[in-house]
Amino acid sequence: MHPRIAELLDYIDRQADVLRTEFESIPRERRGDRPSPARWSPAEVVQHVVSVERRITALLRRLIAEARGHEPETETSSIVAILQPDRAAIRTRRILTSEASQPRDTDPARVWSEFESTRGALKDVVATADGLAMAKVSAPHPALGPLDGYGWIAFTGAHAARHAAQIKEDAARA
């Protein structure tokens, strides 16, 4: 596998582990409880991540199809070092989500298995980008501006880490 895709897959796996750790740190019986009326429950946070990743998976399919029209990737330097996706995980700036990304019908008992299924589908799509020059294709992010294909993959990891921090913050306030 191309080093950049392998590195990104590893990065998003590590960030999923961070999200899982924070989600599982909340007692099962409290995962559906909102810390306040204006804040999402831990289960709703994960459901939001699921919703966003489903849409990003579809976007990545389109970007990958477009990337097939370019020459193969020749660069092997660390893409995570270049992109610094952890900047998106910093929670000093609140980002309002779109209506489409609002959590709905969240079942705390099923939400983690939905995340795993969605993340598996995302990783399967990312694997099809092996060897493609994903820096040559891009799409706009509503809050971050244009992201290239690598940036979108990295964003899924940073987004999971950002919401893991949200769960942790809310638990600390409780």
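The model is predicted: local features need pLDDT of at least 70, side-chain atom pairs count only at pLDDT 80 or more, and totals for chains, interfaces and linings use all residues. Residues are numbered from 1 along each chain as its sequence is written, and side-chain values use heavy atoms, with hydrogens and water left out.

The chain holds 5 helices and 2 strands. Their order along the sequence is α-α-α-α-β-β-α. The radius of gyration is 16 Å, close to the 16 Å that the globule rule gives for 174 residues, so the chain is as compact as a globular protein of that length. Helices (H or I, at least four residues) and strands (E, at least two) are DSSP runs numbered from the N terminus. The radius is taken over C-alpha atoms, and the rule is 2.2 Å times the number of residues to the power 0.38. The C-alpha trace spans about 50 × 30 × 25 Å along its principal axes.

Of the 174 residues, 47% count as buried (under 20% relative accessible area; exposed is over 50%, partly exposed in between; 1.4 Å probe, protein chains only). Among contacts (heavy atoms within 4.5 Å) between residues at least 6 apart in sequence, 82% join residues at least 24 apart.

Glu 71 lies in the loop between helix 2 (42–67) and helix 3 (79–83). Glu 71 counts as exposed, at 59% relative accessibility. Arg 162 is found in helix 5. Arg 162 is buried, with a relative accessible area of 7%. Arg 162 and Gln 15 are 147 residues apart along the chain, yet their C-alpha atoms are separated by 9.1 Å.

The second largest pocket has a volume of about 220 Å³. A pocket is an open set of points on a 1 Å grid where a 1.4 Å probe fits, with protein on both sides within 12 Å along at least five of seven lines; lining residues have an atom within 4 Å of a point. Points are joined across faces, edges and corners, and the volume is the space filled by probe spheres set on them. This pocket is lined by 12 residues, with Leu 83, Pro 85, Arg 87, Leu 144 and Leu 147 nearest its centre. Strand 2 (145–148) and helix 5 (149–173) each supply at least two lining residues.
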